[in-house]
Amino acid sequence: MKSLQALFGGTFDPVHYGHLIPVETLANLIALSRVIIMPNNVPPHRPQPEATSVQRKEMLALAISDKPLFTLDERELLRNTPSYTAETLKAWREEQGADAPLAFIIGQDSLLTLPTWHDYESILDNAHLIVCRRPGYSMEMASPKYQQWLERHMTYKPENLHSSPAGKIYLAETPWLNISASLIRERLMKGESCEDLVPESVLEYINQHGLYR
């Protein structure tokens, strides 16, 4: 059995400590060997990012340059169509083989809306779901049908993520940082400091390129 690796997607507009610190903690908690950060070009569930694909990719590269846990995958940036998680995970599974343990990292808020995602039922065919806690969010799904789906796949043992290729949902006790990309963009627009929210190299890039002004 290969070691567990996880995919972490998003717009990263810009990447910040609220993205990086919980995932680094998660890796230590569940012995995660590799996290692949995958920025998307056309997000299906939110407005188009303010920074370009190239700018968001370059900010991510700077943010993870000293973090061997992370690698950067550009495949979704190269698409001009919406980036559907189900399709990305299917392609990733085909590349990695049938037996590799693969996981997809999401927030608790995303778990609650997962049944609205494109072809959501196929997601667990190709990967586990690792859910990072979000304060104030329920663990109750919108309907009994989806609640049963959640309970059927839930595991409380991280070792189950390592011993099978896909199909489990694990709720991780990761720290939650009250940081959002929209808060950072708002502060930058007002000329306020973001040193405590964003890696220094990313902030230098933002200032250099006059982003979010």
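## Strands, cores and ring pairs in a predicted model

Strand S6 (residues 154–155) and S7 run parallel and are joined by two bridges. Helices (H or I, at least four residues) and strands (E, at least two) are DSSP runs, numbered from the N terminus, and two strands pair if DSSP finds at least two bridges between them. This is a predicted model, in which local features need pLDDT of at least 70 and side-chain atom pairs count only at pLDDT 80 or more, while totals for chains, interfaces and linings use all residues. Residues are numbered from 1 along each chain as its sequence is written, and side-chain values use heavy atoms, with hydrogens and water left out.

Thr155 stands opposite Tyr170 in S7. Strand S5 (residues 128–132) also runs parallel to S7, with four bridges between them; Val131 has Leu171 as its bridge partner in S7. In a regular strand the side chains alternate between the two faces of the sheet. Strand S7 (residues 169–172) is covered on both faces: Ile169 and Leu171 are buried on one side, Tyr170 and Ala172 on the other. Buried means under 20% relative accessible area, exposed over 50%, and partly exposed in between (1.4 Å probe, protein chains only).

The largest nonpolar core has 39 residues, and Leu32, Met59 and Ile105 have the most contacts inside it. Helix H1 (residues 17–30) gives the most to this core, with five residues. A nonpolar core is a set of buried Ala, Val, Leu, Ile, Met, Phe, Trp, Tyr and Cys residues joined through side-chain atoms within 4.5 Å. Leaving aside neighbours within four places in sequence, Ile105 is in contact (heavy atoms within 4.5 Å) with residues including Phe8, Val23, Leu32 and Cys132. A second, separate core of 25 residues includes Ala86, Ile123, Met141 and Trp149.

Rings of Phe, Tyr and Trp (its six-membered ring) pair if their centres lie within 6.5 Å; planes under 30 degrees apart count as stacked, over 60 as edge-to-face and the rest as tilted.

Tyr120 lies in the loop between helix H4 (108–113) and helix H5 (123–126) and Tyr146 in helix H6 (residues 144–153), so their pair ties together parts 26 residues apart in sequence. Tyr120 is buried, with a relative accessible area of 9%, whereas Tyr146 is partly exposed at 21%. Ring pairs link Tyr120, Tyr146 and Trp149 into a cluster.
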